[in-house]
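Here's a quick briefing to read with the model open beside you.

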Amino acid sequence: MGRNARARSWIGRGTEVWDDPEADFFRPGTPGVEIHHLVAPRDGEPVAQKAFPNAFRDTDLRAKLASLGVDALVVAGMMTSLCVDATVRAAADLGFDVTVVADACAAPDLEFGGPTVAAADVHAAFLAALADSYATVTTADELEV
């Protein structure tokens with residue numbers, strides 16, 4: 001099994017669970033913690049459960065990746081402005097070579113100081129910042145693994 005095949009289970013495979021009563025979307029047993037069928041793990045693939053936007057915080061993700069000899073990550077997911085951003089920055093700081101698949105991520109509209117920033121603009125701004133110093137940003141069609 002090659003490095004990319006071994007690492008596949010940790011690329012885009014995570015569930016976020018918050019036990020906070022106010023976080024009704026990511027609470028255990030809600031649709032927010034379900035893995036979409038298009039990226040469902042194959043038989044035997046592990047799933048990392050996280051409680052924070054940064055997938056490395058308080059998880060064994062770094063150790064699992066190290067045990068597999070993984071030094072490069074491909075990141076996709078929701079939301080570009082939160083979990084993707086936090087995880088990519090942490091991964092780069094930990095020494096991983098990171099690629100973000102822009103068209104496999106999305107962001108919501110955000111509001112700050114009154115005006116609403118459109119989702120497409122939020123997405124583009126976060127990808128631009130990540131591409132500046134933290135990751136290679138590409139599309140699914142351009143992705144080389």
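How many salt bridges does the structure hold? There are two salt bridges in this predicted model.

**Salt bridges**
- Arg89 pairs up with Asp85, and their closest N and O atoms sit 2.8 Å apart.
- Both Arg89 and Asp85 belong to helix α3, four residues apart, or about one turn of the helix.
- Asp85 is buried, with a relative accessible area of 11%, while Arg89 counts as partly exposed because its relative accessibility is 26%.
- The other salt bridge joins the side chains of Lys64 and Asp60, at 3.8 Å from N to O.
- Lys64 is partly exposed at 33% relative accessibility, and Asp60 is partly exposed too, at 40%.

**Helix α3 and its neighbour α4**
- α3 spans residues 80–93, and its buried residues include Cys83, Val84, Val88 and Ala91.
- The α3 and α4 axes come within 10 Å and cross at roughly 10°, so α3 runs roughly parallel to α4.
- On the α3 side, Thr80, Ser81, Asp85, Val88 and Arg89 make the contact, and the α4 residues involved include Val122, Phe126 and Leu130.
- By type, the contact residues split into six nonpolar, three polar and two charged.

**The largest nonpolar core**
- This core has 19 residues, and those touching the most other members are Phe56, Leu65, Leu73, Val88, Phe96, Val98 and Val100.
- α2, β3, α3, β4 and α4 each put in at least two residues.
- Leaving aside residues up to four places away in sequence, Phe56 touches, among others, Leu61, Arg62, Thr87 and Leu94.

How values were computed. Residues numbered from 1 in each chain as written. Predicted model: local features only at pLDDT ≥ 70, side-chain atom pairs only at ≥ 80, totals over all residues. Heavy atoms only, no water. Buried < 20%, exposed > 50% of the residue type's maximum accessible area, 1.4 Å probe, protein only. Core = buried A, V, L, I, M, F, W, Y, C linked by side-chain atoms within 4.5 Å. Contact = heavy atoms within 4.5 Å. Axes fitted to C-alpha atoms, helices over the stretch in contact; angles between N-to-C directions. Parallel < 35°, antiparallel > 145°, perpendicular 65-115°, else oblique. Nonpolar A, V, L, I, M, F, W, Y, C, P; charged D, E, K, R; others polar. Salt bridge = Lys/Arg side-chain N within 4 Å of Asp/Glu carboxyl O.
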